[in-house]
Amino acid sequence: MPDAESIVPYRPGLEGVTAGISGVSDIVAEENKLLYRGYDIRELAENSEFEEVAYLVLYGELPNATQLSQFKAELVANREVPEHVYQALRALPKEAAQNMMSVLQMGVAALGATEPLARDNSHEANLKKAIKLTGQMATLVANGYRAVSGKATVPGDPNLGHAANFLYMLHGEKPNDLFAKVMNLTFILYAEHGYNASTFTARVVASTLAGLHSAVAAAIGALHGNLHGGANEAVMDDMLSIGTSDRAEGWVRERLASKHRIMGFGHREYKTGDTRAAILGTYVDQLAELTGKSDLAKMQRIMRETVLNEKGLHPNVDFPAAPIYYMMDIPIPLYTPIFAAARITGWSAHVIEQHDGNRLIRPRSDYNGPAPRPYVPIAQR
C-alpha cells in the first residue's frame with residue numbers, strides 16, 4: 001500500500017494528472033500552442049511536407065535534404081500491403097466498409113502477425129517497423145476500403161508524395177494540387193498530440209513489452225470513439241442532417257437548449273481555441289470555391305459563430321476536417337482512419353520512447369465497493 005502522502009487524488013478522466021514524461025510533443029494550452037519536438041506546428045504546417053514532419057516526430061530532429069530523400073524512399077518502398085491482408089479484408093461482408101476503424105484494426109493486427117521484427121523491441125527495430133507501418137497505414141486505409149467494398153486495389157505511384165498518393169489510391173486518379181496540399185496539411189496536423197487517449201493506450205500496451213503492432217491496434221480501438229477520433233465523422237453527419245446553411249443557426253440553438261453535445265467543439269487541453277482548427281479552417285472556403293460547395297462552407301461558419309457566441313466554445317481540428325474531407329469526395333467512414341494514418345507517427349514515437357525506458361504502467365484505483373462481508377452458502381441466499 002503506498003504511503004498516504006504519495007497518493008495523487010483521483011480526478012475523473014485523469015484530468016490534469018501527470019502520467020508520464022515525454023519529449024515527443026508539448027501542448028502549451030495557455031498560449032494555444034502545439035510543439036512537435038520543440039517546433040511550432042504553425043511553422044511546420046506552413047513550410048513542411050508530411051514526410052519531413054514524420055521524420056521529425058520519429059527521429060527527434062528535422063532532416064537535411066539527403067536524410068529526407070532517403071526517408072521518402074523508405075516510405076515508398078514500404079507502402080505496399082501484403083496480399084494476405086487484402087484476402088482477409090475481402091472475406092468480410094461489404095457492409096464492413098461502414099466500420100473502417102475495425103477493419104483498420106484487423107489489418108494492422110494481420111500485418112503484425114507476419115512482421116519479422118514483431119518481437120524485437122529494440123530502438124533500431126522499432127524505428128524500422130515504424131517507418132514501414134507509416135508507409136503501410138495510408139495504403140491500408142485507401143486500399144483496405146476498396147478491398148472491403150469489392151473494388152480492385154490501386155498500386156501506389158512512387159512519384160507521388162505520401163498524402164497525394166493516398167488520394168490517388170483511394171480515387172484511382174491523381175489529385176489536383178489543392179487537394180494534395182490540404183491532404184498533406186491534415187496529415188501534419190493529426191500526426192501527434194501528446195498523451196491523448198489513443199496514445200496513452202498505445203503506451204500502456206507497449207509497457208507490457210507488447211510490440212508496436214499490438215500497441216497500434218489497441219490505439220486504433222481507443223481512437224474509434226466519438227469523444228476522440230470519431231468526432232470528425234459525427235461532425236459531418238450533423239452537417240448532412242442540417243442540410244442547408246439557413247437551418248444551421250436554428251439547429252445549433254435547438255441542440256444547445258436541449259443540452260445535447262455538438263461534436264467538433266471544445267477540447268480538454270485548449271480553452272481559447274485549437275490552433276490546428278485555425279490552420280485547417282483557412283482552406284474551407286478555397287475548397288468550397290473549387291468544388292462548388294459554398295453552402296457547406298457557409299453552414300460551417302454559422303455553426304462556428306453560433307456555438308462561440310452562445311457557449312464560448314471554439315472548434316477543434318475535427319470541425320474543419322469533416323467538410324474538407326467531404327469536399328474532397330472522401331467517404332465518411334474513412335475520416336477517422338485518416339486520423340489514424342497520420343497519428344501512426346506519434347503513436348510509434350511514443351511506443352519507441354516507452355520501450356526505450358520502460359516501466360510497466362500499472363496505476364492504482366480507489367475502491368468504493370461493499371465492505372468486507374462473509375460468504376453465504378447458496379442454499380441460504
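How many salt bridges does the structure hold? The count comes to twelve, in what is a predicted model. Side chains of opposite charge can pair when their charged atoms come close.

Start with glutamate 49 and lysine 72, whose side chains meet in a salt bridge with an N to O distance of 2.9 Å. Glutamate 49 sits in the loop between α1 (41-47) and α2 (50-59), while lysine 72 belongs to helix α3 (residues 65-77), so this pair ties together parts that are 23 residues apart in sequence. Glutamate 49 is partly exposed, at a relative accessible area of 32%, and lysine 72 is partly exposed too, at 27%.

Next comes the salt bridge between lysine 174 and aspartate 157, where the closest N and O atoms are 3.7 Å apart. Here both partners come from loops: lysine 174 from the one between α7 (162-171) and α8 (177-189), and aspartate 157 from the one between α6 (123-148) and α7. What about burial? Lysine 174 is exposed, with a relative accessible area of 54%, whereas aspartate 157 is buried, with a value of 10% because buried means under 20% relative accessible area.

A further salt bridge joins arginine 301 to aspartate 285, with 3.8 Å between the closest N and O atoms. Arginine 301 is part of helix α15 and aspartate 285 is part of helix α14 (residues 284-291), so the pair ties together parts that are 16 residues apart in sequence. Both ends fall in the partly exposed class: arginine 301 has a relative accessibility of 32%, and aspartate 285 has one of 46%.

Helix α15 also turns up in a helix crossing. The axes of α12 (residues 248-257) and α15 (residues 294-311) come within 9 Å and cross at roughly 35 degrees, and the crossing is right-handed. On the α12 side, the contact is made by Ala248, Glu249, Trp251, Val252, Arg253 and Leu256. The α15 side supplies Met299, Ile302, Met303, Thr306, Val307, Glu310 and Lys311. Sorted by class, that gives eight nonpolar residues, one polar residue and four charged ones. Glu249 and Arg253 come from α12, and Glu310 comes from α15.

Now for the two individual residues. Asparagine 32 is found in the loop between β1 (25-28) and β2 (33-36). A polar atom of the asparagine 32 side chain lies 3.3 Å from the backbone nitrogen of threonine 275.

Proline 377, for its part, is in the segment after α17 (335-356). With a relative accessibility of 36%, proline 377 counts as partly exposed. Its C-alpha atom is separated by 41 Å from that of glycine 221, a residue 156 positions away along the chain.

Note on methods: Residues are numbered from 1 along each chain as its sequence is written. This is a predicted model: local features need pLDDT of at least 70, side-chain atom pairs count only at pLDDT 80 or more; totals for chains, interfaces and linings use all residues. Side-chain values use heavy atoms; hydrogens and water are left out. Axes are lines fitted to C-alpha atoms, for helices over the stretch in contact, and angles run from 0 to 180 degrees between N-to-C directions. Helices (H or I, at least four residues) and strands (E, at least two) are DSSP runs, numbered from the N terminus. A crossing is left-handed if the near helix is turned anticlockwise from the far one by less than a right angle, and right-handed if clockwise. Contact means heavy atoms within 4.5 Å. Ala, Val, Leu, Ile, Met, Phe, Trp, Tyr, Cys and Pro count as nonpolar, Asp, Glu, Lys and Arg as charged, and the others, Gly among them, as polar. A polar contact is a pair of N or O atoms within 3.5 Å; within protein, one must be able to donate a hydrogen and the other to accept it, and residues adjacent in sequence count only if both atoms are side-chain atoms. A salt bridge is a side-chain nitrogen of Lys or Arg within 4 Å of a carboxyl oxygen of Asp or Glu. Buried means under 20% relative accessible area, exposed over 50%, partly exposed in between (1.4 Å probe, protein chains only).
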